[in-house]
Amino acid sequence: MSALTKDNVDKLPDAVSTSPRTPSAHHQPTLSRRSSVSAGGVAGQPHSYGPSHNVDVSQIGKPVHTPRKERPSHQRSLTGSYFPTQRGVVGMEHEWPIGDETTWKTALDANDVDPEDAQGVANTVVHHITTSLARQAGNMDTLAAYQATALSVRDQLIKRWNETTTYHTSRAPKRIYYLSIEWLIGRSLDNAVLNLGMRNTYEDATRKLGFNFEDLLNEERDAALGNGGLGRLAACYIDSMATLCLPGWGYGLRYNYGIFKQLLSSTGEQLEAPDPWLDRENPWEIPRLDVAYPIRFYGHVESVPNSDKAVWQGGMECLAVAYDTPIPGYATKNCANIRLWSAKPVQGFDLNSFNAGNYEASVQASSEVGNITQVLYPNDNMYAGKLLRLQQQYLWTSASLQDILRRFLKLDKPWSQLSDFICIQMNDTHPTIAIAELMRILVDEEDVPYDQAWKITTKVFAYTNHTVLPEALEKWELSLFEKLLPRHLQLIYRINYEFMGQVAKRWPNDMDRMRRMSIIEEGTPKYVRMAHLAIVGSFKVNGVAELHSQLLQSTIFRDFVEFKGRDFFTNVTNGITPRRWVLQCNPELAELVTHTLGSDQWLTNAQLLRNLLPMAEDVNFRKAWDVIKKNNKRRLADVLEEELGILVNVDSIFACQIKRMHEYKRQTLNIFAIIHRYMQIKKATPEERKKMQPWTFIFAGKAAPGYYIAKLVIRLIVNVGKVINNDLDIGDLLNVCFIPDYSVSIAEVLIPAADVSVQISTAGTEASGTSNMKLAINGALLLGTVDEIAEDAGEDQCFMFGHLADQVQQVRFNNSYNPIPLDQRSPELAEVFKYIESGVFGDAHIYESLTKTVYEHDYYLVSNDFGSYLAAQKLVDDVWANRDEWTKKAILTAFAMGDFSSDRSVQDYADGIWGVESERVPE
Ligand code: NBG
């Protein structure tokens with residue numbers, strides 16, 4: 001059996017043994033999980049909204065091209081760090097910027113609400129009840145109480161936000177900008193009061209005002225502006241950036257509708273409903289109607305003779321308007337920011353049509369623009385080449401760049417120093433168009449010669465890859481791209497021309513290599529390959545786990561490793577914030593940890609958790625641990641009973657597989673194994689049943705609306721659940737729950753209650769995973785294929801099974817080209833399929849296209865890993881039979897997870913890629 005190592009990973013797929021590991025003799029790859037990296041100005045004119053009587057109708061739709069230096073400087077309100085009389089670094093102790101200093105300062109002090117105790121907090125809440133909400137004590141409900149409480153917290157966040165921006169402006173450090181098209185934030189109230197260190201005070205204050213704080217928390221809607229791991233990662237990272245006091249902001253899009261709401265029909269089908277999360281006012285956002293940038297689409301390009309420059313004009317112009325969400329750090333005054341853009345029309349409507357009485361036409365253009373930021377694309381690890389998506393990407397990156405450059409220009413530094421002051425981290429390829437956009441701004445608007453502009457640009461961007469799945473790699477159909485962004489395509493052609501020249505110089509006449517590496521994919525149709533542009537335009541590229549980074553370098557980016565050298569590629573293993581994923585979601589465990597360690601410093605230095613490893617041998621600690629786990633399981637059981645009407649056995653093994661529905665994640669393997677278990681129970685005698693361990697399998701996750709097979713898996717899970725949960729004969733030996741509409745808030749209830757973390761994707765397909773980290777730090781044992789966390793948790797604590805990444809290609813090849821019948825590949829699975837086909841779980845025809853994927857090709861090795869998965873579950877059974885041993889393993893797992901704090905990940909990025917340093921706001 002060959003383990004995956006740096007040396008043999010290059011040799012894929014030759015000469016690999018293809019027998020699966022027997023779970024007991026699992027041979028972990030010896031990978032180190034430590035990151036190898038640890039070794040305005042372009043401002044728009046002031047814009048007015050709605051109809052104006054001073055409009056020159058003939059000019060509507062025509063771009064106004066004003067050279068930057070002649071434009072008025074950016075207009076802003078007095079929030080943040082804008083000082084109209086000063087340019088460059090702002091010295092706070094100098095001259096007061098506007099009006100009478102004493103008057104200002106007295107007024108500011110009068111507003112200086114700094115509630116220290118419950119009464120002080122109550123004052124601010126009541127203030128918002130009577131002013132912002134225009135309500136009174138006699139006219140209150142929980143929603144209003146939540147809103148007033150949130151506004152009271154927001155006041156404090158804004159104060160910290162202002163202090164942070166002012167301080168960072170005065171210090172002028174290098175800044176990091178994190179560009180992510182998804183931000184899966186979840187709820188903010190609980191997180192904010194915890195990070196402010198005011199949870200108890202707020203709880204007290206609201207109780208005194210007649211409300212239960214938990215009820216208020218439940219009034220909040222999740223900000224679900226993301227699909228899964230990628231968007232949640234961004235949210236964890238901004239929490240860590242704030243906590244580590246890094247001068248950094250996130251940029252994203254303010255979708256009116258987040259990820260769809262998942263409903264289940266009576267026959268188990270996923271139905272999608274919109275998520276109008278902004279219907280109730282969102283108390284966490286600050287609209288910045290004065291921060292708006294012009295964005296152009298379509299149009300035509302004229303080159304400027306004897307220069308690199310071109311003029312891009314015509315087409316459609318709209319505005320990107322900023323909305324800020326302050327993100328407080330833990331145990332620091334520093335507050336980071338996520339700036340989200342919303343698309344707005346430049347003019348409310350077309351005056352010509354309006355005057356001609358054609359009202360429909362008069363608003364058509366504006367509603368077209370509004371559509372751009374209407375809805376989040378619901379695909380995870382799957383690329384959909386839609387025009388609207390490219391419009392989203394361009395609006396977001398262009399507005400972000402204009403904003404970033406405006407801040408840079410205030411420093412009065414030359415362009416050549418851009419990378420000394422800013423770094424832009426691209427979360428996947430979605431913002432890659434920013435590379436061409438920066439080139440366009442520098443060359444066309446700032447008069448920087450092309451070669452110099454390219455030098456500047458390629459020092460600014462870094463790119464994180466999150467997947468090796470081919471169906472997830474973005475490539476835009478060239479004709480669509482050209483229509484929408486003609487100037488950017490020209491620049492990409494030039495970038496590619498120079499790049500191909502370098503490749504040809506190194507490997508003369510290697511046409512095949514050039515074809516493979518080109519940013520433009522030749523063929524019919526042609527495509528623009530965004531990952532290639534991202535690599536060519538960045539100074540660093542990283543994967544998100546040790547194995548993933550190695551696979552990237554040996555497979556999809558292999559040519560680029562040869563071209564750029566190994567040092568260009570690196571790894572930063574993902575992480576999760578312990579503030580939300582322990583302190584907030586598992587307060588009893590957090591309390592136990594703080595109490596035992598004697599301080600809460602583990603919340604900002606998660607490595608301290610290791611000091612608790614010896615507690616696995618302490619019988620009293622184990623008792624306390626078990627009580628907490630049981631409480632969390634009861635809490636979840638209550639939810640399952642209330643929401644789904646399913647009664648579960650809290651003494652059973654809670655096994656959670658909670659993630660997007662995807663073939664590569666193999667929820668199939670799990671549900672087929674559940675059916676197998678059910679069949680075994682049905683066959684067993686009463687005596688045999690007594691020896692069996694009880695399980696509750698919990699699934700949650702959404703399928704992309706167009707992903708037929710993934711939706712079919714949901715249907716199978718729900719229908720299997722119905723049969724099993726209603727079969728009185730098997731007692732409480734087995735339950736199957738599918739919790740609909742998985743969200744951050746549901747995860748916060750599920751994760752602390754899990755005993756087993758199901759991470760069973762086909763080896764090498766899951767880039768990193770992050771639910772694995774959340775589950776492990778809350779004491780769930782890992783049942784999985786390949787996982788970097790197994791290395792820290794220790795092999796003894798985990799149940800590993802199945803083929804390894806370096807065997808997968810060979811098995812796949814055999815499944816397709818030398819297939820053997822399913823009953824020989826896996827007799828157990830063949831039996832399960834026969835059972836499904838007998839109609840036990842409803843009309844068998846429904847599942848035909850699902851089982852067919854396994855009968856034929858079995859690309860994800862479900863049949864090849866099935867026997868080994870069952871054997872691994874058997875090992876789980878054995879350990880569960882000895883509960884003391886189980887608890888020890890759970891403790892050893894949880895407290896070995898310090899490395900998976902997002903603080904460690906973000907610090908790795910800061911040191912190894914971004915080159916930014918902590919700038920803590922003085923107390
Ligand atoms: C996902 C991977 C996960 C990984 C997250 C965050 C995409 C494209 N990729 O394994 O599938 O944990 O990114 O890095 O969403």
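Is A896 buried or exposed? A896 is buried, at a relative accessible area of 2%; buried here means under 20%, exposed over 50% and partly exposed in between, with a 1.4 Å probe and protein chains only.

A quick word on the ground rules. This is a predicted model, where local features need pLDDT of at least 70 and side-chain atom pairs count only at pLDDT 80 or more, while totals for chains, interfaces and linings use all residues. Residues are numbered from 1 along each chain as its sequence is written, and side-chain values use heavy atoms, with hydrogens and water left out.

A896 sits in the loop between helix 35 (883–894) and helix 36. Helices (H or I, at least four residues) and strands (E, at least two) are DSSP runs, numbered from the N terminus. What does A896 touch once its neighbours within four places in sequence are left aside? The answer is R610, L613, D792 and A793, where contact means heavy atoms within 4.5 Å. A606 is 290 residues away from A896 in sequence, yet their C-alpha atoms are 9.4 Å apart.

M500 belongs to helix 16 (residues 486–506) and is buried too, with a relative accessible area of 11%. Not counting residues up to four places away in sequence, M500 touches M514, M517 and S518. Between M500 and M514 the C-alpha distance is 6.6 Å, with 14 residues separating them along the chain.

**Salt bridges**

The whole structure holds 52 salt bridges, each a side-chain nitrogen of Lys or Arg within 4 Å of a carboxyl oxygen of Asp or Glu. Here are some of them:

| Pair | N to O distance |
|---|---|
| D190 and R199 | 2.6 Å |
| R199 and E214 | 3.3 Å |
| D908 and R904 | 3.0 Å |

R199 bridges to D190 and also to E214. D190 is buried at 12% relative accessible area, and R199 is buried at 16%. R199 lies in helix 6 (residues 199–208) and E214 in helix 7 (residues 213–219), so this pair ties together parts 15 residues apart in sequence. E214 counts as partly exposed, at 42% relative accessibility.

**How the helices pack**

How do helix 8 and helix 36 cross? Helix 8 (residues 229–243) and helix 36 have axes that come within 9 Å and cross at roughly 75 degrees. Axes are lines fitted to C-alpha atoms, for helices over the stretch in contact, and angles run from 0 to 180 degrees between N-to-C directions. The two helices are therefore roughly perpendicular; angles under 35 degrees count as roughly parallel, over 145 as roughly antiparallel, 65 to 115 as roughly perpendicular and the rest as oblique. Helix 8 brings C236, Y237, S240 and M241 to the contact, and helix 36 brings S902, D903, S905, V906, Y909 and W914. Those residues divide into six nonpolar, three polar and one charged. For this count, Ala, Val, Leu, Ile, Met, Phe, Trp, Tyr, Cys and Pro are nonpolar, Asp, Glu, Lys and Arg are charged, and the others, Gly among them, are polar.

Now for helix 32 (residues 827–837) and helix 33 (residues 848–855), which pack at about 165 degrees with axes 12 Å apart. That makes helix 32 and helix 33 roughly antiparallel. On the helix 32 side, L829, F833 and E837 meet T851, V854 and Y855 of helix 33. Sorted by type, the residues of this contact give four nonpolar, one polar and one charged.

Most residues other than glycine have a negative phi, and most peptide bonds are trans. A172 has a phi near 50 degrees, a positive value in a non-glycine residue; A172 lies in the loop between helix 4 (142–171) and strand 1 (175–179) and is buried at 15%. D428 also has a positive phi, about 75 degrees, in the loop between strand 12 (422–427) and helix 13 (433–445). D428 is buried as well, at 10% relative accessible area.

Finally, T524 and P525 are joined by a cis peptide bond with omega about -5 degrees. P525 lies in the loop between strand 15 (520–521) and strand 16 (527–529).
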